[in-house]
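Open the model in a viewer and keep the selection panel at hand. The stops below are given in the order in which to select them.

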Amino acid sequence: CLKGTRGAVLDSIEVWSRDFHEPPVYWLNGLAGTGKSTIAQTVAERVFADGQLGASFFCSRDFEDRRNLKFRSIFVPLIQSDPETARESLYNQMDKLIVRPLNKSDISTVIIIDALDECKDEEPASAILSVLAQFVSKIPKVKFFVTGRPEPRIREGFRLPLLAEATDVFVLHNVELSLVNNDIRLFLRQSLLDLTRRRRGLDGWPTKEQMDLLCERAAGLFVYAVATIKFIDHKHNNPKEQLERILQSPTSFVHEGKTRFKPDTTLDSLYMSILREAFGGDDQEDDPKARSVLGAVILVANPLSPSSIAALLGIDREGVFLRLSSIHSLLILHEDADSPVRPFHKSFPDFTVDETRCIDKRFHVSPASHHPELLVGCLELMNQKLEKNMCNLPDAVANCEVDDLRERAKLYLDPALQYACKSWYKHLTDQYTVRKPTIASALRRFLEKKFLFWLEVLSVLGAARDAVDALEVAVKWLEVRGVFTLDMFCQFTKTGSRHHQLMTSSTTASVSRWDSSRSSVHPLRISTTRPSHYVLRSQSCGACTNLTLAR
């Protein structure tokens, strides 16, 4: 680590390594690209300087001799008296080659295992952690420092009762973002300063604004910062021009994604290796479901929980959670299936939707396919669940007069239904939702049967703006595609109004009350007059927010 960076985590590890009253195992748990291996290297250097380093093993799936769990390649040449150990079980190897010798020596030492998740291992719980759990109490003067992504078999290994009680866990991606960003800023500043000393014509570069933008793009991901510096410091290109190429594409990470931050590794290849490890099995039938789940995480308007994603996609909750757990190292994923999940860094969604970068079609998230899938999921969920007065509100009472309105909404409207009501139209875009029978059919049922119930829900949620935007998008989509006519659209609203109990004596149907800007309560009115030319307009006049199909 660069001097002055990662202070909190390094201090924590140093205290642990020197205090043998602390648990004997330390798990540095971190998502992909958070800097675990760099920290492990620094820890190895520090404990070596203190005379405590017993052994260090830096695993890598890129090298055959660094992804095999067997100890024979390291220790067997030293144990000539018992060559059969090379063919024994991992348990026996651990016992003969580590536990017994260390007990006899009675020395205090630290053993470092970096990137344990990159070791080849077919067991449900990490084989080496399972064995370590059985021996750790027998070698009290030995400490094990382990880094690894929170992938299922690593998490399961550290949950083993004998190991769980003997382990300190430091979750690297939970460190306060401002502290991580400060470290990344220091790294970028020092790296670019070194660059200005080696290359000519860089006086006063980069500017503060450019540095701020680089830190913003890094967003806590150290590997991104490293890839950025590698890209800028290309020996055949002008650093200023390289930096401009990055900053001129504020929503794209293609340049950094294709830059090697290790001799054989790019950000794109890192993401691809994780996806292949998670979903690269022989069960090809599972690929569409895995893509659908991944697509939901990438393309939803607001982060949803695994439970809500399951409801939208019609997949069982356990199946969604298991698929997401397989790529936990790329996501902010909580143990609670009802907590929202989101990508850890924006470069991952950018990678998955770009077919020139995500070259394995099994993992490519195509907006053209997944936006319609999410749209139909939202419409079907509303068609199934929306009913009149879902929150059981008293008759003839304004929303502002219901003291527990928010609690009722939370009780009666599950998060998936709330998302569907507020965001379905965001997946109904000209670019992606070509004329598909499933969309037209689901949308027609929604407008015929659930339209005013939907407005009721938006009223309770204080989402007037979403109603305005949704109707504008829907009218445009219907008109362009001619799936069914705007006359029919207007007739849907008239039919619903006639049978709705909230109908008033005026020519408009008073559906609910709200103020879209202040969340206070005002009438929302839908015009049922059928003009000769239809343009959706939203108007605010006094206490009213009007949605009108008008000339």
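Predicted model: local features only at pLDDT ≥ 70, side-chain atom pairs only at ≥ 80, totals over all residues.

Residues are numbered from 1 along each chain as its sequence is written, and side-chain values use heavy atoms, with hydrogens and water left out.

**The sheet**

Select the five strands of the open sheet, ordered β2-β3-β4-β1-β5 with parallel pairing. Strands (E, at least two residues) and helices (H or I, at least four) are DSSP runs numbered from the N terminus; two strands pair if DSSP finds at least two bridges between them. At the edges are β2 (53-58) and β5 (167-171), each of which pairs on one side only. On average, neighbouring strands here are turned by 10 degrees against each other, direction ignored.

Next, select β3 (residues 109-114) and β4 (residues 142-148), a parallel pair with five bridges. I111 stands opposite F144 in β4.

Contact means heavy atoms within 4.5 Å.

**The largest cavity**

Select L10, I13, E14, S17, R18, V43, R46, V47, D50 and Q52, the lining of the largest cavity. A cavity is a set of points on a 1 Å grid over the protein atoms alone where a 1.4 Å probe fits but cannot get out, and lining residues have an atom within 4 Å of a point. The volume of this cavity, the space filled by probe spheres set on the points, is about 80 Å³. Two or more lining residues come from each of α1 (7-18) and α2 (36-49), and α1 gives the most, with five.

**Helices α20 and α21**

Finally, select α20 (residues 415-423) and α21 (residues 437-461), whose axes come within 10 Å and cross at roughly 105 degrees. That makes α20 roughly perpendicular to α21 (65 to 115 degrees). Show side chains for Q418, C421 and K422 in α20, which meet W454, V457, L458 and L461 in α21.

Note on methods: Axes fitted to C-alpha atoms, helices over the stretch in contact; angles between N-to-C directions. Parallel < 35°, antiparallel > 145°, perpendicular 65-115°, else oblique. 1 Å grid on protein atoms, 1.4 Å probe; cavity = no way out; pocket = protein on both sides within 12 Å on 5 of 7 lines; lining within 4 Å.
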